[in-house]
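Here is a short briefing on one protein structure. Keep the sequence and the model open as you read.

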Amino acid sequence: MKKILFSILLVGISIQLSAQTKMANERFQFDPDISYDSNIPSPKDFLGYELGEEYTFHYQVMAYFEQLAELSDKITFHQYAETYENRSVNYAIITSTENQSRIDEIRETNFKLANDPENIQLEDNQPIVVWMSYNVHGNEPSSSEAAMQTAYRLVASQDAEDQKWLENSVVIIDPMLNPDGRDRYVNWYKSSRANILNTNAEDLEHDEIWPGGRTNHYWFDLNRDWVWLIHPGSRGRIAVYQQWMPQVHIDFHEQGFNNNYFTMPGTTPRNHELPEDYEKWADVFGRGAIKEFDKAQVNFETRERFDFFYPGYGSSYPSIMGGIGMLAEQGGHSRGGRAVETNDGYVLTLRQRVFDHYKNGVSIVRTSVENRQELLEYFKEARSQSSQKGNTKAYILPNNPNDYTYDVVNLMLKQGVQVEQAGSDFTLRNAHNYWDGKASSRSFNEGDFIIKTDQPTHLFINTLFRRQLEIRDSVMYDMSTWSIPLAYNLDAAWSTSDIRVNTTRVDEELVHPKGVVNNNAQYAYVVDWKQRNAPKALAKLWELGYNVRSSEKGFAKDGTEYSRGSIVVLLGRNVNKSASIHQDMKMVSETTAVKITGFDTGRMDTGSDLGSPSMRPVKEPKVALMMDSGFSSYTAGQLWFLFDQWTEFGISRIRSGSFSRIDLNSYDVILMPGGFGLNGVFSENQRNALKDWVRNGGTLIGTESSGTWLTKDQSGITPAELYKEKKDDDESIDPAAYTMYKDRQDSAGLRRIPGSAFKAMIDNSHPLAFGMPDKLYSLKFSTNALMPNTSFSTVGYYLKDADEVLASGYASNANKVKAAGKTFAAVHNMGRGQVVFLLDNTQYRMFWVGPARMVQNAVMLVPGF
């Protein structure tokens, strides 16, 4: 009887939910009154199901767009990249048949407007370029479904108004920016869903597993990469973007399922480099969507959330390129499933999520065309010198092939920025340095790079190169600084006066110096460790089976100094390689872009000889990178990428749940990304096992919060202690305890450090900092720091002066005092092993890479010392 009643209950639920799905399809219809070309299939006709009933795989979405391009002369479909997992990344160009016949002419005219705005007259019939981006976060999947319906509307509609839109615009649709993440999510969802639709958000099909589908193959958030172009999809997209330079761009996202639809405008802080009219246009586009939402009784929000301060978003990058960049956030996200019950009892369906994005997309095109002339004028003005703010004339990057200068110059070229090189030495009387912002006389050399601001990309340049952007609201969604010279730790400068020196324009990407000096060496080959790609060369030498050593003290020969850490390959210790060593050195130099010097003697002019005991053997370590539950997928992905892509050194990724089953003694290094709740991940027995493993010679590296976990009061693995403020008895109650309810969110934001650059001093005589300068800009998100102590070696500490410690971004006075003079990078010796603390991220998003050498050293060199 119980089984019968249970079966009846399940049938009832199934009927109820099927009814809800049917009601959603009836309520959220895609403009059925419009007449469509019967020769062009709708998404439903092509896929075999209504949008919102299923999630669509990447290959199906691409196939639909290809079908549209085959059947209509209003659309063309192109590939701009391939992902790490070999999926195509594509974009569609949709416009009228007549515009398609002269599409190259339209693009060239728009390109001239973008790059010579002062000398171009707007044409009366010039189409506006509208770019719409979908699904940059793979587990925000409704947008790619909406992209298909929006494309169908534009291509197949026979409505007179729609025809007018296409006559007056070129619409570019990027239907899926993150195919790898999306298919990871869709595959997971389809494997987890039940036959009986379950709207309980706690059910399995609403509870995505680590690392989730948000990120790409390497667990990076691609919506932070529009500026930095670390990944192939970003590079391909921006190459096309720079050809088209749209006036309007919108980025479609999803947020938590209990939230209503967010449409423009957003909240503070704002980038005050932008033209004043940006806010007006953001509101105009938002009101266009609101008009549609009001008619459909779709709930929405504006202005209270989502700032566009960070420039690497899809909603902010277009704005610093002179357009109107915008964001759309639909409630749903990974927990949305096909339907989910919200906290007020409403059942939010996938069908509605698709509908809402569709309505907003159509509204964006309509509003763009209705305001075509004014938006073109805004774009022209934003790209002109008349809209430039501030008095900076140029930014100067000394030509140093050993640091990240070439990376930055190449990045600027990809972003359409003009870079010049000085034709002779020159001196500036008011060269401002980034360390303290002060101006002084400084000499520069022939070949140094100059980026002038009197060019159309001035918005982009100033946003990326200013030491400090104006911050009027310190409570922000993302980070508070991204200044390029700080992120890449460059000895750059800026000038507020014109630079009077002959220059030549840099037209091709730069290549790091490479080649072998004395390729028939009789004694040794040396790779100077200060070179940008030296760790990659070391990894290649290990791969080839060479015995290598690392210089503890440095040395010099024939007027050339070689830094601490420099790699030495002794021919006498590699006799088994005698037949191939000379050719191998040439190959390593070419493939890793380093200079290698051959020596016929081990006797150096100064410093250690090449056969000295201070030339320490460094063996290839076996490395375990912890991941999964308890660890940040973002930091884990960055570390994996740093070694897998940049260093080309293989490491093993170990799930935290497998820790108890692995043989610790089979690993030389354990690398821990930022973590949370690690005492719940590692039992007391496992923590003791870690201690024993370190004492027996292991190297344990804790980054970010995992580093703080390795302290005395958290895991007890080391005696190191975090700095704690001493309070008097009358200060035992935190004043924040009396914060009013309405102010709590802002108050909490003011007490944290939202990704700010702190000035730091580095002990580059220690193996952890070999190859680095003695000063560094460390990116700080946490208020934690180690209390300096003689029980460990302090390798990196924040400047001791609290008034000077902050280089860029925001930090309260209390947090500056708390950080000043404290340790963030250290090595604690335990028995024959060591524990490495790296409390700040050393490779954040792979653009704040000035500190990256420290984690490379920790893995590759420190175990040998």
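Predicted model: local features only at pLDDT ≥ 70, side-chain atom pairs only at ≥ 80, totals over all residues.

Residues are numbered from 1 along each chain as its sequence is written, and side-chain values use heavy atoms, with hydrogens and water left out.

**Helices**

- Helices (H or I, at least four residues) and strands (E, at least two) are DSSP runs, numbered from the N terminus.
- Buried means under 20% relative accessible area, exposed over 50%, and partly exposed in between (1.4 Å probe, protein chains only).
- The buried residues of α10 are Tyr 278, Trp 281, Ala 282, Phe 285, Gly 286, Gly 288, Ala 289, Ile 290, Glu 292 and Phe 293.
- Helix α21 (residues 684-695) holds Ala 689.
- Ala 689 is partly exposed, with a relative accessible area of 29%.
- Ser 660 is 29 residues from Ala 689 along the chain, and their C-alpha atoms are separated by 9.6 Å.

**Strands and their pairing**

- Strands of a sheet pair through backbone hydrogen bonds, either parallel or antiparallel.
- Two strands count as paired if DSSP finds at least two bridges between them.
- Strand β5 (residues 248-256) is mostly covered, with eight of its nine residues buried.
- β5 pairs with strand β3 (residues 128-134) in the parallel sense, over five bridges.
- Met 132 stands opposite Ile 250 in β5.
- β5 also runs parallel to strand β8 (residues 324-332), and nine bridges join them.
- In β8, Gly 325 is the bridge partner of His 249, and Gln 330 is the bridge partner of Glu 254.
- In β8, nine of nine residues are buried.
- Ile 324, Met 326, Ala 328, Gln 330 and Gly 332 point one way from β8, while Gly 325, Leu 327, Glu 329 and Gly 331 point the other way.
- Elsewhere, three strands form an open sheet in the order β22-β21-β25, with antiparallel pairing.
- Its edge strands, β22 (560-562) and β25 (606-607), each pair on one side only.
- Strand β21 (residues 555-557) and β25 are joined by two bridges, and Ala 556 stands opposite Thr 606 in β25.

**Aromatic pairs**

- Rings of Phe, Tyr and Trp (its six-membered ring) pair if their centres lie within 6.5 Å; planes under 30 degrees apart count as stacked, over 60 as edge-to-face and the rest as tilted.
- The whole structure has 54 aromatic pairs.
- Phe 426 and Phe 444 form a stacked pair, 5.3 Å centre to centre with 20° between the planes.
- Phe 426 lies in strand β13 (residues 426-433) and Phe 444 in strand β14 (residues 439-444), so the pair ties together parts that are 18 residues apart in sequence.
- Phe 426 is buried at a relative accessible area of 7%, and Phe 444 is buried at 2%.

**Cavities and pockets**

- On a 1 Å grid over the protein atoms alone, a cavity is a set of points where a 1.4 Å probe fits but cannot get out, and a pocket is an open set with protein on both sides within 12 Å along at least five of seven lines; lining residues have an atom within 4 Å of a point.
- Grid points are joined across faces, edges and corners, and a volume is the space filled by probe spheres set on the points.
- There are six cavities of 30 Å³ or more.
- The largest cavity holds about 80 Å³ of space.
- Its lining has 14 residues, and Thr 83, Leu 177, Asn 216, Leu 222 and Gly 233 lie nearest its centre.
- α9 gives the most to this lining of the largest cavity, with four residues.
- The largest pocket has a volume of about 890 Å³.
- Of its 33 lining residues, the closest to the centre are Asn 400, Asn 489, Met 772, Pro 773 and Asp 774.
- The second largest pocket holds about 740 Å³ of space.
- Helix α14 (405-414) gives the largest share of the second largest pocket's lining, four residues.
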